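Here are some reading notes on a structure, written for someone new to the subject. Please keep the picture open while working through the points.

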Amino acid sequence: MKNVIITGAGIGIGRATAKAFGAAGWRVILTDVLETEGAEVAAEITAAGGAAEFHFLDVTSTEQADAVVAAAEKAHGPLDAVICNAGIAHKVPLDQMTDEKWDHTFEVDLKGMIRVIRPALPGMKAKRAGAIVCVSSIMGVAYGWDEHVHYSAAKAGVVGLVRGLAVELARDGIRANGIAPGYIRTAQSLSPVHSLGEPGLKAAAEFIPMGRVGQPEDIADVILFLVSDAARYLTGQTITVDGGLLVGRY
Ligand SMILES: NC(=O)c1ccc[n+]([C@@H]2O[C@H](COP(=O)([O-])OP(=O)(O)OC[C@H]3O[C@@H](n4cnc5c(N)ncnc54)[C@H](O)[C@@H]3O)[C@@H](O)[C@H]2O)c1
């Protein structure tokens, strides 16, 4: 059985990704700061006949990331895939942008990824196999997002992260790719304070060529593809999954 670790897997895109991997026969090492939600998702996967376990992991802690990866490897062997999904998108106008607010977003959205990838690499290298997927955003690959400059910058950083990882790890048999979701219906996008809220999502559906905002499962299935053998020659890319938004004309 292959092992995948997923960050921020208690709700939203991470939850859908955990369930997709569980249904596809992977052992899911679910992690999040949301303990109740994370444990519930693990229980749902197990009840459906899959294999899953929840570990508390705040991706701003190197110590926790090292410990969770070590515990998973001790119990189940090297990881086959790492999905860096945990993220925050706090609205901060530039005149309120302190170093602390900037750094916090980078600690979660960008540095939080390398913290989890790093301890998984020796095991993957030893097996000469592995796949990494990091969640960027259309706000990182194409759009600027006003009052979320730190978020756009961190998500653009994810594109560079996967390029660098892909090249350095290619000869170890490890692939690294990113995914840039468009507007996906989750707690993050539904927040009226930090993001679009329900009215904003409804308005967005009007100008998305496919006529609807995305569901978490629309992203989860592409993450599963990126990790699969079907994507064996694909590395260093960040794939936009947005219902045609960026190529649309509006
Ligand atoms: N929803 C969208 O429209 C959209 C679009 C583009 C990109 N994204 C990205 O997709 C990813 C998932 O977001 P979502 O929309 O499912 O949002 P969400 O708010 O539903 O989920 C985010 C998850 O990250 C976790 N998280 C936050 N801080 C953490 C920390 N310090 N340590 C560990 N986990 C932490 C949360 O607990 C939660 O489980 C994020 O990286 C987000 O930026 C979302």
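1. Basis. This is a predicted model, in which local features need pLDDT of at least 70 and side-chain atom pairs count only at pLDDT 80 or more, while totals for chains, interfaces and linings use all residues. Residue numbers start from 1 along each chain, following the sequence as written.

2. Overall build. The protein has 10 helices and 7 strands. Both are DSSP runs numbered from the N terminus: helices are H or I with at least four residues, and strands are E with at least two. Along the principal axes, the C-alpha atoms fill a box of roughly 50 × 40 × 35 Å.

3. H1 with H10. The axes of H1 and H10 (residues 216–227) come within 8 Å and cross at roughly 50°. This makes H1 oblique to H10. Angles under 35 degrees count as roughly parallel, over 145 as roughly antiparallel, 65 to 115 as roughly perpendicular, and the rest as oblique. Axes are lines fitted to C-alpha atoms, for helices over the stretch in contact, and angles run from 0 to 180 degrees between N-to-C directions. The contact includes Gly-12, Ile-13 and Phe-21 of H1, and Pro-216, Ile-219 and Leu-224 of H10. Residues are in contact if their C-beta atoms, placed from the backbone, lie within 7 Å. The residues of this contact divide into 9 nonpolar, 2 polar and 3 charged. Here Ala, Val, Leu, Ile, Met, Phe, Trp, Tyr, Cys and Pro count as nonpolar, Asp, Glu, Lys and Arg as charged, and the others, Gly among them, as polar.

4. H1 with H2. H2 covers residues 35–47, and its axis comes within 10 Å of that of H1, crossing at roughly 20°. H1 and H2 are therefore roughly parallel to each other. Arg-15, Ala-18, Lys-19 and Gly-22 in H1 meet Val-41, Glu-44 and Ile-45 in H2. By class, the contact has 3 nonpolar, 1 polar and 3 charged residues.

5. H3 with H5. The axes of H3 (residues 62–76) and H5 (residues 111–127) come within 8 Å and cross at roughly 35°. Among the residues that meet are Val-69 and Glu-73 in H3, and Arg-115 and Pro-119 in H5. This contact divides into 6 nonpolar, 2 polar and 3 charged residues.

How values were computed: Two residues are in contact if their C-beta atoms, placed from the backbone, lie within 7 Å.
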